[in-house]
Amino acid sequence: MNVLIILPVILPILAAAISTLLKASRTSQRVLSILAVTGSLVASIILLFEVKQQGPVVSAVGGWVAPFGIALVADMFSALILVVSLVTVLSVLVFSFGSRRNDEMWQFHPAFLVLTAGVSLAFLTGDLFNLFVSFEVALVASYVLITLGSRAEQIRNGITYVVINIVISIFFLTGIAFIYAAFGTVNFADLSLKLGSAEESLRIALALLFLVIFGAKAAMFPVFSWLPDSYPVARAPIVAVFAGLLTKMGVYSLIRVESTVFLGGGIGTIVLVLAGFTMVVGVLGAIAQNDVKRILSFHIVSQIGYMLIGLGLFTTAGLAASVMFIIHQIPVKTSLFLVSGAIEESAGTTALDHVGGLRKRLPFLALMFGLAAASIAGLPPFSGFIGKLSIVEAGLSAQSYAIIAVSLIVSVLTLFSMAKIWSGTFWGEFETAQPGDVLVRTGHRTMMGATGMLVAVTIAIAVFAGPIYALCEEAAADLIDPTRYIAAVMGK
Amino acid sequence: MTTLVALVVAMLYGIGVYMILQRSLIRIVLGLSLLSHGANLLLLTSGGSAGVAAFIGRFTGDDKVVDPVPQAFVLTAIVISFAMTAFCLALAYRSWRLTGNDDVAQDEEDVRLAEMIATRNGKP
Amino acid sequence: MIFAVVAVAILGIGNRWGSRVFLVASVGPLAALVWAVSAASRVGNGDLPTESWTWVSSLGLIIDFRADWFSILMALLISVVGIGVFLYAVSYFENSRDVARIASALVMFAGAMFGLVISDNLLLLFVFWELTSLLSYVLIGSNEEKPGARVAALHALLVTGSGGLAMLAGFILIGESADTYSLSAIVHNPPSGMVVNVAVLLVALGAFTKSAQVPFHGWLPRAMEAPTPVSAYLHSATMVKAGVFLVARFAEPFSDTTPFGPVVVVVGCASMILGGWRALRQHDLKLLLAFGTISQLGLMMVLFGSGKEKLAIAGCVLLIAHAAYKSSLFLVVGIIDHQTHTRDIRRLGMLGRKWPVVAGVAVAAAASMAGVPPFLGFLSKELAFYGFLDWSEPSGLIVLCVVAVASAFTVAYSARFVWGAFFSVRSGRAVLDPPVSTPSPNAWFALSPLVLASLGLVLGVLPLLLESLVSGSVKSLGFEVPTIHLALWGGFNAALALSALVLVAGAWMFVGRRAIERIQARFEGVPSSVGVYDATVRGVLALSGRVTAITQSGSLRVYVAVLVLTMVALPSIPLAMNGWPGSWPSLVDSPIQAVIGIIMITAAAAAAVFHRRFASVIALSVVGYGMAALFVVQGAPDLALTQVLVETLGTVAFVLVIRHLPEKFVVAKSRGNAAAIAVSVAVAVFVFWFALSARTVSETAGPEAVVATQVESTESERGPAVEERTVSEEYLERSKPEAHGSNVVNVILVDFRGLDTLGEITVLFVAAIGIVGLIRFGARRSKDRTEVDQEVVDS
Amino acid sequence: MSEWTEQTNGSTSDLDQEIGRPSMVLDVVVRAEFHALLVASLWLLFVGHNLPGGGFVGGLVVVAAFGLRLAAGGSAELLKSLRIRSEVVLSLGLLVATGTALLGLVNDGTLLQSRELHVTLPWLGEIATSSAFFFDLGVYLVVVGSFHWLLEVFSEPESEGDFE
């Protein structure tokens, strides 16, 4: 049943094409988007079960077996992240229906669908050049989405976003050129075999180059500054999906390439140092900000650091922790941005100085924020706690005490800035940026429902953390030792 | 790849980066184009040096056939980089319509914060 | 479980029932009480009730509950005080809005606290531990419109939260060493070693923050912003005892082999003295009690942390006594506050005549606190002195002196509390502000404090009732205890003499309080815990501002420079180790290549230096056509064709856009230009170097040894000469027979690697949509916005 | 081909003057060349599997033809050059390409599986190609649609000011 693996990529593209033809009718566009994303989600869930039963599932596109053709590979790591991502995408889509109509210019749907396709392809591909293409697909869609509406600050910060990402992409291409020059192949599994016999210094140099390339996409220190400047200017549903997916795409690729291809690469210490700086600088940036969206954007950076720890440790427990952390982060971060979107729509702004006392007016929203914020701060018994616990356990058992100490301090600071949002937005004297009371518009329930759904997902992740973590361990085992992956791809 | 091609690639990268480090968006876009050219050339020559084009039946066993795979990569990359260039141009156009120039401005919130820090440090 | 259900039910009932939801809420602690009693009977029969579910087993996170006497003791405190506080809250919150939230948070808190004391898994314990911190945050901040409450809530959360995280690290280190997270297993068979030494200190840190020990105590007085029932429940009777609970559990197994015991005792002593000393000068009744709590918790820390069985007995009795008297005192303050709207003893006084019952309760509770016979407080103090006198080492004597002094402080502030609130005539008359109105509290309001205070009396007179509970508890802490006999009267001995001495000294201090206040005034300048915390927060804020100002310049140029430099710098480290590539490829493939290359470099440089936009664009297109020419030389006709067409269209697009823009670029400022050049040179060198290195390695990795002259041939014969077929060779072979095309590049594009092409046209598709949107729809935006706003108004 | 390129390049350089002021002679020449280019592009599309060409190059040649029309007659002329709306062409192209891909999926469960085809064309005779041709056709349409659309919007006269 290799059909499944392609559906999350091809369905959204197909729907995007039709969606453009249907641009006159918003309703049919909506129905189409929902159908495509739901279809992809169902396919990915079935895929997850298949992977669980029989190990990595491979589809040779066009029937050309790797390394000759492009192989699409779903192993536990990709299948897990794909499912979580698509759930997130679905709720953001629903949220967007309730959001202000201005967001939903007809371009929104095709671009959103293409973004979904690009992200899915990035998770599924087993080929370095195809990964580049999938990044471009997702990124160009994100360029369209971030500037959708053409407001002045969108254009200004959109330029930063676009230019930085293009530069990164060009270096990605450069890296591919170096790899191809040295090894004559771009297939992950094939490369993994060939890199084993490669010269140490070149392997490390390539591993570091790709560390910076994917690290920059993921907003790793010191190449993160573009993110907090550009994300907050996009509208809520858009920045929510960016926050949930785009940087995680970078982290996914980083982990995939550094482990499956470079086999750890001997860059652990550098990764750990960068992870530490990423966490600290990100959270300090968050503390310095005064706007909900900006605070959350800096937290994206900070949390990327946590995900890198597992890669730096490069133990099964460490990678399992990273996978767990990514799985928890995608829905949580997205739901926080959805909350910020709902705040913006109801109170007119997300600047902490201009809102306050919303708990009494929007108790459900406050509850949703509280749950998601507690989760991201790593408070038990929420999903963030499981993620943090797994990282701390992995780090301490690998005797990397320093990075764990840093991560725990950062965790306190995260708590601090989440409390700052809570205290500034939901507590205090009632205040909004617009005259009168909060604005509860027709789409309010849709937005709340979508946010609630996503928060419910995060709680489900916490409740079923046992089985989910077992899957993460399985994913990590395949990352540490890619024999199964290689065998599945190369047909041996 | 020959030394000369490597040199051309390096120059394209260098000049491209230099132009990206300018304020005018049009220059930045020109720089990005140069950088893409450099990457494409590098990618193409990563398959080896010049040879006979890869058309079945047009070469014999003795001919050195050029590696077709990087060519396919580069073709894809050319189209993608065109799309990016065009998008940047549209951004430049919109930026000009909004601000009257094509300079890339600094992020206002960052500038505000930096000023706040500067004044706070200046006081004592 | 019951707690969660009740909490949700309360949220469901909402505010409709007003403060009566607390009656529903008390079902929670009532259930806990029933559980505790039934568990007690089972434990009495030698049976340890346990329950277990797995949550995340590979992380060691297992939901393990286990009841022993000590947990039952704690559970009893939680449930009895809980019921008292909830019943009391019905009156306290009589006229408040929004009580359902507080009620449900309180019930959840009771549940979390209950879970904490019965969990047998360290990680699970941590889960409940942090839950209590979180709920404490919510409850302290329930007066959310007061800035003070928000600050206090955050202070408590951050301090206890950080301590909790240190504790988590400690737990995990212990768990790793012991290979289990089961509390009972660890206590039974404690691990040791350097790591464990650090770990137990981290755990102690967590306990200190939770139990408001010096120097982390600052949050507790601040937390008095919370509604009084909350203070009574969380910040005197239960939550703050979590730290003591943990110390008690860890003391016996770890006090001999690790620095755990001494550290706890020292910190406890410091807290005792400081808390008592500060309590002596408070005017706010709640603050007075809060500092008193710090002092008492310090004493408990010392009693349990010493790891001596007799002191542990005293500790257990003190736990019970303290819960009873401190909660009833808080509830009394709540009554005063509720009725008179002040808690300042400079404005209060003479309430005793008006409210004799309340005054009686206060006197009884305060007497228990001061250690006056026949109250339970006296018994606990007596037991403590008895235990210290048994401590043979000289350090025991020092601790004894500290305890005695602190106890004297306790006597003094107890007296000050009662006198200031109920009997002081002078302050009662010296009314600076309008006199406070004093409506009498109803009977229901006073019931809970009355019951709690009389518990102290009843148990003090009949300590027999506690015997099995206390001896069981001490046993379950790991001590070997023969049967204990608790009796109020232990005969004339040194302990009794000490008690009497302490009472006299305390009374003397109370009488001489003016003199003490003068001494205290001299210590004004000493930094307080609150001051340190505030300074830390300010420091973090300032630091974050500075760091962010550096990293977040908001300038695209800086970001690009950082990005590119990082990209260059990191891989250069291993490349540098390898050195400059040993062998160089041939200079050119053909002379024409050289000509094209030189033209391209010149044109690229020209594009960079031209000031006219148009000229730059034309120069760029020259580079593009040069690319096409190089493609032809390389043997890539498809590419050349595409490149020419794309370059042309690109130039058209450029020209179409720049026709709108000014003719010349704004001349760049010289500042930063040198840096830009340096960055560019670095990139150029890096790319050149890496390209050659990557290529060289591919050759050395091949089967044939590399001789400088063979470099070219190995490279060109990729394919037939190499034994193992490379991927690209396979394309050549399979293109015609299997994919039915002879243009291999095209076959790769549409067939072998069709997915790339699909992605590529998708890029083109979306880019077109986006560009059209940017150019065309921006102009219509303002109109759209008006429409939407109109709709909003309509709906 | 290079001759043509120079022409376009030359005309765009003074595009500002050209737009809205079509010259009669140029118009006739351009129209003639336009159709020649269309035929050429189709030829490139069909032989692409075996000779230089293919969907990209073919599509780009059509676009070059559009560029000529634009240069000759301004944006009004450009709009006339494609009867169907460009976004429709664009979407159809993507549909054809993904559709071909999916057909392979339905056929034998693999995406983008190709099989041999023989196509008979009016002037060019029978051409052996493969089902991948349809994929290439999709590429061709996407290129035509997107580039035409881009030329359209880039050459539009500016709408009145929305300086902020």
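Reply: A:Ser302 is buried, with a relative accessible area of 0%, where buried means under 20% relative accessible area, exposed over 50% and partly exposed in between, for a 1.4 Å probe and protein chains only. This is a predicted model, in which local features need pLDDT of at least 70 and side-chain atom pairs count only at pLDDT 80 or more, while totals for chains, interfaces and linings use all residues. Residues are numbered from 1 along each chain as its sequence is written, chains are lettered from A in the order in which they are written, and side-chain values use heavy atoms, with hydrogens and water left out.

A:Ser302 belongs to helix H12 (residues 292–313) of chain A; helices here are DSSP runs of H or I with at least four residues, numbered from the N terminus. From there, the side chain of A:Ser302 reaches the backbone oxygen of A:Met279 at 3.2 Å. Leaving aside neighbours within four places in sequence, A:Ser302 is in contact (heavy atoms within 4.5 Å) with A:Thr278, A:Met279, A:Gly282, A:Val283 and A:Val410.

A residue in chain C can be set beside this one. C:Thr648, which sits in helix H29 (residues 637–658) of chain C, counts as buried at 3% relative accessibility, and a polar atom of its side chain lies 2.6 Å from the backbone oxygen of C:Val644.

Elsewhere in chain A, A:Leu128 touches, among others, A:Phe172, A:Ile176 and A:Phe210, not counting residues up to four places away in sequence.

Methods:
Helix = DSSP H or I, 4+ residues; strand = E, 2+ residues; numbered from the N terminus. Polar contact = N/O pair within 3.5 Å; in protein donor to acceptor, adjacent residues only side chain to side chain.
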